[in-house]
Amino acid sequence: MEISLQNQVAVVTGASSGIGSGIAKSLASAGATVVVNHSSERSLDEAKAVLKEIKDAGGKGITYQCDVSKEDQVVKMFQDVISTLGTVDILINNAGIQKDAKFTEMTIDQWNAVIGVNLTGQFLCAREAIKEFIRRGIDTSRSVACGKIIHISSVHEVIPWAGHANYAASKGAIRMLMQSLAQEYGADKIRINSICPGAIQTPINTNAWNTPEALNSLLTLIPYNRIGQPEDIGNLAVFLASDLSDYITGASIFIDGGMTTFESFSTGG
């Protein structure tokens, strides 16, 4: 069964690398026009490279620089995208960072940076997307839903992570944000879900897989015995953005090779 997102516009935050780039390319391959968001001039070349891959494969899209933790920039991004592309049908709330530290050594700047991008950024983008969904209303030539938001969370919305308290706290909060929005806007036919990746091979976690020793250690946590790839997340995002998943809202969907089954307990813990 082929999934089509033709005539739909998707904003993917943090799409210049990693999971975001995988999602952007998957959505474009399903026919969506994709906004490849990146945070700064430093990531512009990466964003352009992602867009080139999309266009070389026959897809459509644009790049857009916006720091999602800044309200004025988020508001302007949505205004500009709507002005340029007509509307927004799909939001992938993906942008995220890590600033790791032992808790007693964690600075307020490290805490605020992670909460600002990972949580406040998702709030701001979701708010602007929902405003546009409601303004436009349902257009059944595009989708039976009024709009779709997919929050990119993590297995760490349920698995504590020592040394990463700011990151884990942001992901746990995303779960409640997502469920609250799904509850509040379900009657408007706006579907809101979370994807919760486990170990995915991206630049943010290079140290976890870039040597045989590190990879073997990581695989002891994953029953399926492989590390995930960005396209794994992209495939799930396409499904959740499509009408095939129209009765799914308010759900955290874990895509982790079984990590949340706690592999260490297979031998007694």
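Predicted model: local features only at pLDDT ≥ 70, side-chain atom pairs only at ≥ 80, totals over all residues.

**Cysteines, salt bridges and spaces**

Modeller: Let us begin with the cysteines, where the structure holds 0 disulfides. Cys146 takes part in none, its nearest cysteine sulfur being that of Cys125 at 18 Å, and Cys196 is likewise in no disulfide, with the sulfur of Cys125 as the nearest one, 18 Å away.

Colleague: Is Cys146 buried or exposed?

Modeller: A residue counts as buried when its relative accessible area is under 20%. Cys146 has a relative accessibility of 4%, so this residue falls in the class called buried.

Colleague: What is the relative accessible area of Cys196?

Modeller: Cys196 also belongs to the buried class, and its relative accessible area is 0%.

Colleague: Turning to the charged side chains, how far apart are the closest N and O atoms of Asp80 and Lys76?

Modeller: Both residues lie in helix α3, which spans residues 71–85, and they are 4 residues apart, about one turn of the helix. Asp80 is partly exposed at 24% relative accessibility, and Lys76 is partly exposed as well, at 45%. A salt bridge requires a side-chain nitrogen of Lys or Arg within 4 Å of a carboxyl oxygen of Asp or Glu, and here the closest N and O atoms are separated by 2.7 Å.

Colleague: Arg136 forms a salt bridge with Asp89; how many residues apart in sequence are the parts that this pair ties together?

Modeller: The closest N and O atoms of Arg136 and Asp89 are 3.9 Å apart, and Asp89 is buried, with a relative accessible area of 3%. Because Arg136 lies in helix α4 whereas Asp89 sits in the loop between α3 and β4, the pair ties together parts whose separation in sequence is 47 residues.

Colleague: In the salt bridge between Arg135 and Glu132, which residue counts as buried?

Modeller: These side chains meet at 2.7 Å, N to O, and the two residues are 3 apart in helix α4, a separation of about one helical turn. Arg135 counts as exposed at 55% relative accessibility. The residue that counts as buried, at 4% relative accessibility, is Glu132.

Colleague: Which residues do salt bridges that share partners join into one network?

Modeller: The count of salt bridges comes to 12. Those that share partners make one network out of Glu71, Arg127, Glu128 and Lys131.

Colleague: Which element gives the largest share of the lining of the largest pocket?

Modeller: The largest pocket holds about 1,400 Å³ of space. Of the 50 residues that line the pocket, those closest to its centre are Gly96, Gln98, Tyr167, Thr202 and Ile204. The elements giving two or more residues to this lining are α1 (18–29), β2 (33–38) and α5 (165–185), and the largest share, 3 residues, comes from α1.

Colleague: Finally, what is the volume of the largest cavity?

Modeller: A search of the whole structure finds 1 cavity of 30 Å³ or more. Among the residues lining the largest cavity are Asp89, Arg136 and Cys146, and the volume of this cavity is about 30 Å³.

Methods:
Residues numbered from 1 in each chain as written. Heavy atoms only, no water. Disulfide = S-S within 2.5 Å. Buried < 20%, exposed > 50% of the residue type's maximum accessible area, 1.4 Å probe, protein only. 1 Å grid on protein atoms, 1.4 Å probe; cavity = no way out; pocket = protein on both sides within 12 Å on 5 of 7 lines; lining within 4 Å. Points joined across faces, edges and corners; volume = space filled by probe spheres on them.
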